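Subject: Structure handover and what turned up in it

Hi there,

Here is the structure I promised to send over.

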Amino acid sequence: MFNSQAPLLSPQLQAVCHQDEKIKENFDRILMRFLSFLGLQMETIEGKQIKISKAEHFETRRRDCWSAVFGMNHNWLRISRVLHCLGMVGKKEEQRALMEFLETMPKDIPEVRSSIPHWRGRAQAS
């Protein structure tokens, strides 16, 4: 169910991620790609606050990323990993914005309601 050989993001590596501008830029690029995969977009409001919302292509991603099969969707596990990772690498504002958006999802996609507590936990674990 997971890769037991995957390298861990040690506290020392996390500290490097917090400080290295190139690493931060790469995480921004990766996050934008992941959000697009989910049908989401990220924008900066008034130059500082980050907001995540549905992108124009959200509906084309709904079936693959948001529809539940047997009560869940594998992409929801990816979301929890991204939430956790964002915190570990110092992307707290992006993590907050993603979690804030996810909290609104049950009104449109009730199946995700069961994932909200897990996502909250992953967003606080870092």
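Let me begin with a term: a salt bridge here is a side-chain nitrogen of Lys or Arg within 4 Å of a carboxyl oxygen of Asp or Glu. As background, side chains of opposite charge can pair when their charged atoms come close.

Before the details, please note that this is a predicted model, in which local features need pLDDT of at least 70 and side-chain atom pairs count only at pLDDT 80 or more, while totals for chains, interfaces and linings use all residues. Residues are numbered from 1 along each chain as its sequence is written, and side-chain values use heavy atoms, with hydrogens and water left out.

Now the charged pairs. Searching the whole structure gives 10 salt bridges. Asp 28, Lys 91 and Glu 94 are joined in a network of them. (Helices are DSSP runs of H or I with at least four residues, numbered from the N terminus.) Lys 91 is buried, at 9% relative accessibility, whereas Asp 28 is partly exposed at 28%. For those words, buried means under 20% relative accessible area, exposed over 50%, and partly exposed in between, using a 1.4 Å probe and protein chains only.

Two other bridges stay within a single helix. Lys 24 pairs with Glu 21, their closest N and O atoms being 3.2 Å apart. Both belong to helix 2 (residues 21-38) and are three residues apart, so about one helical turn separates them. Lys 24 is partly exposed, with a relative accessible area of 24%.

In helix 5, Glu 100 and Arg 96 are four residues apart, about one turn of the helix. Their salt bridge has its closest N and O atoms 3.0 Å apart. Glu 100 is partly exposed at 44% relative accessible area, and Arg 96 is partly exposed at 26%.

Finally, the loop residue. Most residues other than glycine have a negative phi. Phe 70 is not a glycine, yet has a positive phi of about 55°. You will find Phe 70 in the loop between helix 3 (58-66) and helix 4 (74-88), where Phe 70 is exposed, with a relative accessible area of 85%.
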